Amino acid sequence: MTAKDNTNRNLFLILMILVAAAFRLLAFKYKELSNFNPVGAIALFGGAYFTSKWKGYATVLLTLFTTDIVINYLYTSKLTLWYGGAAWVYLCFALMVLIGSLLEKVNVINVLLGSIAAVLIHWLITDLPWLYGTLYPHTLAGYGESLVKAIPFERNMALGTLVFSAILFGGFELAKSKYTFLQDKKQLAL
């Protein structure tokens with residue numbers, strides 16, 4: 001793969017991520033779509049396809065950061081660069097990128113398992129009771145209560161991750177079959 005092909009491949013990946021990220025903003029207008037968004041799929045996708053793994057992490061986390069700023073502004077009319085619990089959320093998405101990078105072969109089963117793992121990571125970490133101040137007791141029972149109350153949001157995240165994973169992974173695999181500059185070195189050697 002030439003340097004130009006690699007640059008074009010990375011630009012194509014970034015474009016796909018940015019188009020998918022635009023769908024995250026729909027939740028502001030349509031509350032029933034709350035948490036039905038592409039961020040879990042974007043994290044898996046970035047981890048799976050960027051040949052330079054740091055670019056996967058950087059692209060995904062910058063996309064999340066940028067859309068967080070926009071969404072927070074839409075809800076509060078204030079420019080918010082960071083919020084309580086953000087470090088935990090970003091940790092979750094960094095772990096999702098890691099899961100994507102561990103996908104040795106992109107196929108339906110691996111993407112499905114990666115999507116389930118991504119949602120479980122998000123659910124188990126972002127619903128730790130101490131992230132919500134005194135909303136939940138800081139006990140195992142409080143953690144259980146937090147997990148149960150989060151089910152509607154995590155269900156939407158699971159559906160969003162599955163739908164957008166199908167679109168992103170399926171779309172990129174289709175594009176790779178038509179355009180050789182999208183294939184990485186390992187695939188060209190086959």
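1. Is Ile-109 buried or exposed? The model, which is a predicted one, gives Ile-109 a relative accessibility of 53%. Because residues over 50% are classed as exposed, Ile-109 counts as exposed. Ile-109 may also be placed relative to Phe-65: the two are 44 residues apart in sequence, and their C-alpha atoms are 29 Å apart in space.

2. The protein has nine helices and zero strands. Read from the N terminus on, the order of elements is therefore α-α-α-α-α-α-α-α-α. The radius of gyration of the protein is 17 Å, close to the 16 Å that the globule rule gives for 190 residues, so the protein is as compact as a globular protein of that length. Taken along the principal axes, the box filled by the C-alpha atoms is roughly 55 × 35 × 25 Å.

3. Some totals describe the protein as a whole. Of its 190 residues, 41% count as buried. Among contacts with a separation of 6 or more, 70% are made by residues 24 or more positions apart. The accessible surface comes to about 10500 Å², and carbon and sulfur atoms account for 71% of that area.

4. Charge deserves a separate point. The protein carries 15 positive and 9 negative side chains. The centres of these two sets lie 7 Å apart. Side chains of opposite charge can pair when their charged atoms come close. How many salt bridges does the structure hold? There are three salt bridges, and they are taken in turn below.

5. One of the salt bridges joins the side chains of Asp-68 and Arg-24, with an N to O distance of 2.7 Å. This pair links distant parts of the chain, its members being 44 residues apart. Asp-68 belongs to helix H4 (residues 53-76), whereas Arg-24 is in the loop between helix H1 (3-22) and helix H2 (26-29). Both Asp-68 and Arg-24 are buried.

6. Another salt bridge is formed by Glu-145 and Lys-149, whose closest N and O atoms are 3.8 Å apart. This distance qualifies because the cut-off for a salt bridge is 4 Å. Where do the two residues sit? Both are in helix H7 (residues 140-149), and because they are four residues apart there, about one helical turn separates Glu-145 from Lys-149. Glu-145 is partly exposed, at a relative accessible area of 32%.

7. In the remaining pair, the side chains of Lys-176 and Glu-173 meet in a salt bridge of 3.1 Å, N to O. Both residues lie in helix H8 (residues 151-178), three residues apart, about one turn of the helix. Lys-176 has a relative accessible area of 5% and is buried. Glu-173, at 30% relative accessibility, counts as partly exposed. The two classes follow because buried means under 20% and partly exposed lies between that value and 50%.

8. Cys-92 lies in helix H5 (residues 86-101) and has a relative accessible area of 0%. Which residues does Cys-92 touch, not counting those up to four places away in sequence? They are Ile-121, His-122, Ile-125 and Thr-126. Asn-10, placed in helix H1, is buried with a relative accessible area of 8%. Leaving aside neighbours within four places in sequence, Asn-10 is in contact with Phe-50 and Lys-55.

9. The backbone calls for a final comment. Most residues other than glycine have a negative phi. Asn-35 has a positive value, with phi near 75°, and its place is in the loop between H2 and helix H3 (39-49). Ser-77 also has a positive phi, near 60°. Ser-77 lies in the loop between H4 and H5 and is exposed, with a relative accessible area of 55%.

Methods
Residues are numbered from 1 along each chain as its sequence is written. This is a predicted model: local features need pLDDT of at least 70, side-chain atom pairs count only at pLDDT 80 or more; totals for chains, interfaces and linings use all residues. Side-chain values use heavy atoms; hydrogens and water are left out. Buried means under 20% relative accessible area, exposed over 50%, partly exposed in between (1.4 Å probe, protein chains only). The radius of gyration is taken over C-alpha atoms; the globule rule is 2.2 Å times the number of residues to the power 0.38. Contact means heavy atoms within 4.5 Å. Accessible areas come from the Shrake-Rupley method with a 1.4 Å probe; for residues, only the protein chains shown count as cover. Lys and Arg count as positive and Asp and Glu as negative; His and the chain ends are not counted. The place of a charge is taken as NZ of Lys, CZ of Arg, CG of Asp or CD of Glu.
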